[in-house]
Amino acid sequence: MVTARQISLAKAPRGDGSVPLAQIGDVQLHRVISSKRPSRAKVLVVQVVLVAAILAGWQIAADLHLVSALFWSTPFRIWDRGAQLFGGQRLDGTTIYSALEYTIVAAISGFLIGTVIGAGVGLSLWWSKTAEAVVSPFVIVFHALPKFALAPLLVLVMGLGMKSEIALAVALTVVTSLFTAQSGVRAVDSDQVKLLQSLGANRRDIFFKIVIPTSVPWIISALRINIGLALAGAIIGEMVASNNGIGHLIFYAGSIYDVALIWVGTGVLAAVAVLMYAGVTLLEKKLMIGLHVQM
Amino acid sequence: MLAEKDLTAMTCHKSVAAVEVSKVSVGFRREGQQDLLAVDDVSLRVFPGEFVSLVGPSGCGKSTLFSVIAGLLQPQAGQVVVEGTDTTGLTGGVGYMLQKDMLLPWRTIADNVGLSLELAGMKKSQARKECMPILERCGLGGFEISYPSQLSGGMRQRAALARTLLHGRQVVLLDEPFGALDAQTRSSLHDWLEDLGRDLGLTIILITHDVEEAVRLSDRIYVMTPRPGRIRGIVPVELARPRGLACVTSPDFARAKAKVLSLLGHSVASPVHESSDREMAKAMEG
Ligand SMILES: Nc1ncnc2c1ncn2[C@@H]1O[C@H](COP(=O)(O)OP(=O)(O)OP(=O)(O)O)[C@@H](O)[C@H]1O
Ligand SMILES: [Mg+2]
């Protein structure tokens with residue numbers, strides 16, 4: 001049965017102005033499934049043109065003294081500075097390569113330690129409702145706290161160097177993985193637990209055969225957020241508590257008004273972030289396929 | 001009309017009942033609402049080797065009663081005795097196939113079916129080998145390394161059935177095991193289950209909405225009332241075994257079916273007197 005209202009709706013002109021492709025009596029048919037995908041090459045070309053335009057505009061504006069080259073530097077100066085650094089120039093007792101290595105080691109260590117501890121604690125809270133109730137408010141407070149405020153304290157306790165940097169990265173990542181592990185634990189299907197119990201399972205069996213497999217995809221889904229957080233922790237740590245790494249390089253550049261160097265450092269950081277992100281995304285896919293869960 | 005004596009003579013092979021449910025009541029606490037009485041004063045007695053069915057309207061507490069028998073739910077009142085042992089609130093004493101297939105999506109079919117063996121301490125590789133015969137018997141040969149999401153609804157149900165049977169308990173509870181199957185597969189599985197039950201000497205309690213299925217398979221059918229679930233009546237089925245598909249056309253079959261339907265509240269050509277069935281139910285419970 002078609003009601004009068006439905007008929008009038010079918011006849012009503014469409015706001016988006018799309019042209020009906022066919023008609024059955026008074027009823028117009030539209031195609032909502034777009035068959036065309038944007039071609040990759042086209043998108044890439046537009047993107048390259050966009051970046052080139054921005055850089056050219058920047059260079060020209062600086063040459064015409066519309067923006068201050070002293071404060072903003074220029075693309076050519078940044079390029080030259082980058083070439084010097086990657087050519088092996090020593091800066092404040094280090095090279096860009098060792099700074100890069102330092103930052104990557106700190107970020108990845110912080111990422112691994114924070115993720116493992118957070119996930120471990122989050123999962124183990126499944127064993128005791130009391131422990132969970134006791135710990136939960138503290139976790140929420142720690143989650144809400146801006147962790148960078150801890151940096152000076154960490155320097156005092158752990159001294160200047162990579163240790164306090166990693167500690168900051170851990171502080172940032174540990175809460176995210178703890179929360180996601182807990183969400184995973186809460187997502188455990190009580191009927192699956194029932195099934196295992198009916199087959200004579202004890203709590204340990206349920207933990208390893210249901211709780212862990214259910215939570216691991218949750219934890220994995222937090223890895224991408226965590227790699228970004230770990231990198232941020234490492235960089236801030238380097239600015240406050242270290243004399244090595246890309247973060248320190250940027251900080252040092254700021255203190256000597258080397259604007260081009262700030263840009264080089266930022267560019268390198270962006271590249272590192274993208275690579276780590278891509279790496280973790282790949283890892284995530286591999287793990288998810290290995291665990292046979294649909295994303 | 002059967003007296004208690006006759007029923008006992010007909011069904012009692014050994015003196016100890018395989019499953020004895022006495023005066024079980026289950027209520028659910030609900031936040032902001034009145035508590036819900038799901039099962040009210042239900043008693044059943046099933047003897048070794050018997051096949052018994054439980055039918056009743058949706059939501060009358062059949063699955064809840066199974067949870068109690070399997071020890072997954074503590075009843076507010078009453079007691080469950082399995083093979084002479086009080087198992088109220090204790091798990092692992094009976095095989096239980098839940099209403100949903102509950103295959104773990106991250107395990108292959110073989111690893112799902114072999115779960116009970118793994119839980120009993122067997123190595124995974126050994127458990128995989130052990131479950132091959134039952135997989136073959138359930139028509140799942142060649143699917144052991146598939147994942148549940150790659151199987152049809154009916155295949156998943158058969159896998160769940162295989163898992164329950166491999167658990168190896170004398171008493172098996174089946175909650176709508178053939179719900180998602182076509183009529184033909186269903187019918188062949190009926191024969192198969194009847195044979196298997198007899199070969200292994202299983203005591204089977206089956207929940208079904210299909211009255212013909214209940215009559216086809218059961219020695220006795222318990223009919224429940226709408227919620228709160230009580231036993232409204234017990235219908236014995238006196239058809240010779242093995243039954244085969246042909247039994248469906250016999251007058252005894254039609255009579256039993258009519259009786260169950262009338263207890264369920266459907267109007268049928270030859271009504272039966274409810275009061276007499278109540279008496280029978282009492283006799284059974286007593
Ligand atoms: N955990 C629970 N909490 C609250 N109420 C519940 C719970 N489990 C079941 N119930 C209620 O108990 C009643 C009986 O449920 P049950 O699943 O036993 O019905 P059923 O007879 O198996 O129905 P169906 O034939 O549809 O499977 C229902 O009204 C249901 O809402
Ligand atoms: Mg049910």
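## Salt bridges in chain A

R186(A) pairs with E132(A) in a salt bridge, with 3.0 Å between the closest N and O atoms; the term stands for a side-chain nitrogen of Lys or Arg within 4 Å of a carboxyl oxygen of Asp or Glu. The two partners come from distant parts of the chain, 54 residues apart: R186(A) sits in helix α8 (residues 162-186) of chain A and E132(A) in helix α6 (residues 129-144) of chain A. Helices here are DSSP runs (H or I, at least four residues), numbered from the N terminus. R186(A) is exposed, at a relative accessible area of 54%. For that scale, buried is under 20% relative accessible area, exposed is over 50% and partly exposed is in between (1.4 Å probe, protein chains only).

A quick word on the ground rules: this is a predicted model, where local features need pLDDT of at least 70 and side-chain atom pairs count only at pLDDT 80 or more, while totals for chains, interfaces and linings use all residues. Residues are numbered from 1 along each chain as its sequence is written, chains are lettered from A and ligands numbered from 1 in the order in which they are written, and side-chain values use heavy atoms, with hydrogens and water left out.

## Salt bridges in chain B

Over all chains, the structure holds 22 salt bridges. One of them joins D111(B) and R128(B), with the closest N and O atoms 2.8 Å apart. D111(B) belongs to helix α3 (residues 109-113) of chain B and R128(B) to helix α5 (residues 124-130) of chain B, so this pair ties together parts 17 residues apart in sequence. D111(B) is buried, with 7% relative accessible area, whereas R128(B) is partly exposed at 37%.

Then there's R255(B) with D252(B), a salt bridge at 2.9 Å, N to O. Both are in helix α10 (residues 251-263) of chain B, and because they are 3 residues apart, about one helical turn separates them. R255(B) counts as exposed at 53% relative accessibility, while D252(B) is partly exposed at 34%. Elsewhere, shared partners link salt bridges into one network made up of D191(B), E194(B), R216(B), D219(B) and R241(B).

## Where the chains meet

Chain A brings 19 residues to the contact and chain B brings 21, with contact meaning heavy atoms within 4.5 Å. Together the chains bury about 1900 Å², 67% of it on carbon and sulfur atoms. Buried area is the accessible area (1.4 Å probe) that two parts lose on being put together, summed over both.

Between chain A and chain B the count is 2 salt bridges. E118(B) and K209(A) form a salt bridge at 3.8 Å, N to O.

## The two domains of chain A

Chain A is assigned domain 1 (22-67) and domain 2 (74-294), with bounds from an automatic or database domain assignment. Their C-alpha centres lie 34 Å apart. Contact between them involves 4 residues of domain 1 and 5 residues of domain 2. About 430 Å² is buried between these domains, with carbon and sulfur atoms giving 78%, and the salt bridge count between them is 0.

## A nonpolar patch

On the surface, I108(A), L112(A), I113(A), I117(A) and V121(A) make up a nonpolar patch with about 380 Å² of accessible area together. Patches take residues with over 30% relative accessible area and no salt bridge, joining like charges within 9 Å and nonpolar side chains (Val, Leu, Ile, Met, Phe, Trp, Tyr) within 5 Å. Accessible areas come from the Shrake-Rupley method with a 1.4 Å probe, and for residues only the protein chains shown count as cover. V121(A) lies in helix α5 (residues 96-124) of chain A and is partly exposed, at 33% relative accessibility.

Definitions and conventions: Helix = DSSP H or I, 4+ residues; strand = E, 2+ residues; numbered from the N terminus.
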